[in-house]
Amino acid sequence: MLKIVRARDYQDMSRKAANIISAQIILKPDCVLGLATGSTPIGTYKQLIDWYNKGDLDFAQVSTYNLDEYRGLSHDDPQSYHYFMRENLFNHVNIDLANTHVPDGSNPDAEAACSGYDEIVAAAGYPDLQLLGIGNNGHIGFNEPDDHFSKGTHCVDLTESTIQANSRLFDRIEDVPRQAYTMGTQTIMYARQILVVANGEAKAQAVHDMCFGPVTPSCPASILQLHPNVVVVADEAALSLCE
């Protein structure tokens with residue numbers, strides 16, 4: 001069941017998404033959150049930090065599990081998602097860093113890194129709420145369009161469109177990692193609630209296909225149609241094809 005929440009713009013989208021996450025934290029202070037990176041959720045994290053600073057939120061008992069990480073980057077690499085999460089959320093709230101988890105991209109043994117991550121996510125009971133962005137090609141996490149839906153955490157070869165989209169964050173396109181470790185589609189579907197954020201016209205086709213297209217691994221996000229509790233918060237531009 002997909003519920004679509006319309007937002008006026010990026011700021012409104014960020015505030016509405018942060019409202020849903022903050023409600024989860026308030027209702028269950030020791031909740032498990034699945035978190036996402038990329039430019040889309042940054043405003044949501046800023047809003048959560050603002051409410052924390054005002055005394056409205058307490059992250060002391062929250063634990064988090066991120067979707068993905070580039071393969072081959074150390075945890076302190078400024079382009080790593082370990083670094084991103086510290087810079088954009090963890091360093092600004094009272095979360096215990098021991099309770100934050102991101103796939104270990106610095107581990108060259110893909111099988112060990114991925115199976116180990118699956119074990120800790122399963123041991124946590126899977127997220128109460130999973131935050132997702134959506135790629136221009138319909139990817140969620142780094143689950144790229146394919147001929148099948150992925151299951152557990154795995155190593156993926158990033159598509160050219162994803163490398164191009166992420167190259168704005170690197171000095172040179174040659175510096176963008178070509179592989180990543182990502183939670184599988186099945187793992188994502190184990191979350192009790194899923195929150196998708198999307199903004200901008202570039203996401204319009206992917207958002208339409210996620211919500212109204214056929215359920216197909218060529219648009220990985222389309223599988224969310226089969227989940228019982230999904231909220232899509234998107235601005236007018238991202239929803240422009242969903243009239």
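Helices (H or I, at least four residues) and strands (E, at least two) are DSSP runs, numbered from the N terminus. By that assignment, the span of residues 12–225 is 33% helix and 14% strand, and its end C-alpha atoms lie 24 Å apart. The model is predicted: local features need pLDDT of at least 70, side-chain atom pairs count only at pLDDT 80 or more, and totals for chains, interfaces and linings use all residues. Residues are numbered from 1 along each chain as its sequence is written, and side-chain values use heavy atoms, with hydrogens and water left out.

**Annotation**

- An unreviewed UniProt entry gives residues 12–225 the annotation "domain: Glucosamine/galactosamine-6-phosphate isomerase".
- UniProt positions follow the numbering used here, feature names are shortened, and annotations may be inferred rather than shown by experiment.

**The seven-stranded sheet**

- Seven strands form an open sheet with parallel pairing, in the order β1-β10-β9-β6-β2-β3-β5; two strands pair if DSSP finds at least two bridges between them.
- The edges are held by β1 (2–7) and β5 (100–101), each of which has a single partner strand, so one side of each is left without a neighbour in the sheet.
- Six bridges join β1 to β10 (residues 230–235) in the parallel sense.
- Within this pairing, L2 is opposite V230, and V5 is opposite V233.
- β10 also pairs with β9 in the parallel sense, over five bridges, and here L195 stands opposite V231.
- Six of the six residues of β10 are buried, so this strand is largely enclosed by the rest of the structure; buried means under 20% relative accessible area, exposed over 50% and partly exposed in between, with a 1.4 Å probe and protein chains only.
- Both faces of β10 are covered, with V230, V232 and A234 buried on one side and V231, V233 and D235 buried on the other.
- Helix α1 (residues 10–27) lies across β1, β2 (32–35), β6 (129–132), β9 (193–198) and β10, and runs at about 165° to β9.
- For such angles, axes are lines fitted to C-alpha atoms, for helices over the stretch in contact, and the values run from 0 to 180 degrees between N-to-C directions.

**The three-stranded sheet**

- A further open sheet has three strands in the order β4-β8-β7, with antiparallel pairing.
- Its edge strands are β4 (68–70) and β7 (154–157), each pairing on one side only.
- Neighbouring strands in this sheet are turned by 25° against each other on average, direction ignored.
- β4 and β8 (residues 179–182) run antiparallel and are joined by three bridges; the bridge partner of D68 in β8 is T182.

**Helices α2 and α3**

- Helix α2 (residues 42–53) packs against helix α3 (residues 81–88) at an angle of about 40°, with the axes 10 Å apart.
- That angle makes α2 oblique to α3, where angles under 35 degrees count as roughly parallel, over 145 as roughly antiparallel, 65 to 115 as roughly perpendicular and the rest as oblique.
- I42, Y45 and I49 of α2 meet F84, M85 and N88 of α3, contact meaning heavy atoms within 4.5 Å.
- By class, five of these residues are nonpolar, one is polar and none is charged; Ala, Val, Leu, Ile, Met, Phe, Trp, Tyr, Cys and Pro count as nonpolar, Asp, Glu, Lys and Arg as charged, and the others, Gly among them, as polar.
- Six of the eight residues of α3 are buried, so α3 is largely enclosed by the rest of the structure.
- The buried residues are Y81, H82, F84, M85, R86 and N88, and they pack against β2, α2, β3 (63–66), β4 and α5 (160–166).

- H82 belongs to helix α3 and counts as buried at 12% relative accessibility.
- Leaving aside neighbours within four places in sequence, H82 is in contact with E69, H75, V102, P103 and D104.
- F142 is in the loop between β6 and β7 and is buried, with a relative accessible area of 3%.
- Not counting residues up to four places away in sequence, F142 touches D68, Y70, Y81, V156, L158, T162, N166, A180 and T182.
- F142 and R168 are 26 residues apart along the chain, and their C-alpha atoms are separated by 17 Å.
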